[in-house]
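Hi,

Here is the model I promised to pass on.

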Amino acid sequence: MFELRRADVITILVDGRRLASAADRADTMGAIPLIIQGMVENGAFVRKPNVAIVLTKGDLVQASPKKDRVMQDFEAIVDGLRERYGNIFGEFAQFVTSASPKDAKIERGQGLAALLGFWLKPDRAPQGVRLHCSSGRVFDRLRGEEADLA
Amino acid sequence: LPDNKRQVVSISIIGLPGSGKTTFLAALWELVNERRVTKVLRFHSIGDNDQSYLRKIVKVWRSAKEQARTRLTGLKAVQMNLHDDAGSVVQVTMPDAPGEDFRTMWEDRELGRVLGENLATGNIMLLLNGNKVKAPAWVTERVAQRRATGAAKVEMPPKAWDPSMAPTQVQLVDLLQQISHAPVGTGNRKIVFMISAWDKVEGEGLSPNPFLEQKLPLLAQYLEARRDGWTSRVYGVSAQGGEYDGNVENDEPTDDGVNAEKKKLKAGRDADRLREVDVPADRIRLVIGERRSNDLTEPLQWLMN
């Protein structure tokens, strides 16, 4: 889990194929918040990382007769995460990607540039925590000007 | 959450095989986690609860498929940390026991230690499949029916009586009597009757209480007499909201694959419609009196208070 604790950006992949499948869509929508909840309860995101929520296999979604419903379900997932974990994460962003489309007419890697841009976005200033400890010893007096620990 | 801030409540879910206990639990888990649906109790945290079983059954529920029979998986502990509007947190424990264990209590007068401990205290939720309830039949009516249709009289060899032939309501009343007295449990408890598969029986035009009185009169009178001090409520519930697909896992294996073929044919009439519902928790239907909702946590809260 230490990778999560150190991460600047968390990327949540939502499988577009499963979201377009009648049998799997409800489970895809319902499973994600509980996976995040488990990580939150274990202190994985204390650094308040940014979060990218990515709908993958965008080519399959576009070809699906239910593409409007898939996008609506994806929006519901994003809204739900934003509402539930808005104070846990930093910035939220959503993307649709087609990393390896089966249809040659669709650009390979569509949507990935925007995702990479989000990953590389300069991080906000780290929130350092200034500790004021007093042990009651003479050493405490040696602290002169307060150093900026941030 | 520290233990002193958390209320712990144990509710026993009982019912004969196929009464819908596991489907109810799966629907409840879906509901408490669904932020878009109003309810009195909501998901609070995972905490130290093992939710792998809930995860497994809710996945089946979401795909509108029949649950695997609990007989094959044994008793499963189910714990949920929920909270209400006032912020009070409650850990609800609801073990999911195979219906066969309750049938064994009637047929063989036997009860396992773990299930016995679960039934000893706490309030009860009893599920019964409304679609399996048959109205009492009279021999004279059957004879008149045969004569009217001109069907030939068929001589059947007498069959020895077996406890498994007892009507559902006889088995349930005995079950409730057993858990109301020592050595199994105590009386003066609350009980919720959940008449499951309500979508199948609502066509009769009865609300849940009259349904119980007309179709299960012995059980209704046992409750009314309050011999064992039960305080009861009766709900109709359709935890899937319609007829869903069968589950091949529940088939007994055969060499010729006949059962697998049969199950393929058993596609639920409403399964496709259920899978298309925008908010899956909206499939759930709960009826009390004339009132309808999908809040399965309401009976739970009544049992807790």
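This is a predicted model: local features need pLDDT of at least 70, side-chain atom pairs count only at pLDDT 80 or more; totals for chains, interfaces and linings use all residues.

Residues are numbered from 1 along each chain as its sequence is written, chains are lettered from A and ligands numbered from 1 in the order written, and side-chain values use heavy atoms, with hydrogens and water left out.

On the interface: 22 residues of chain A are in contact with 19 of chain B (heavy atoms within 4.5 Å). About 1,600 Å² is buried between the two chains, with carbon and sulfur atoms giving 46% (accessible area, 1.4 Å probe, lost on being put together, summed over both). The rule finds five salt bridges across it (Lys or Arg side-chain nitrogen within 4 Å of an Asp or Glu carboxyl oxygen). Arg35(B) makes one with Glu83(A), closest N and O atoms 3.1 Å apart.

Now for strand S5 of chain B, residues 123-129 (strands are DSSP E runs of at least two residues, numbered from the N terminus). Seven of its seven residues are buried, so S5(B) is largely enclosed by the rest of the structure (buried is under 20% relative accessible area, 1.4 Å probe, protein chains only). Leu126(B) is the bridge partner of Ile14(B), and Ser196(B) that of Asn129(B).

Cheers

Terms used:
Buried means under 20% relative accessible area, exposed over 50%, partly exposed in between (1.4 Å probe, protein chains only). Helices (H or I, at least four residues) and strands (E, at least two) are DSSP runs, numbered from the N terminus. Two strands pair if DSSP finds at least two bridges between them.
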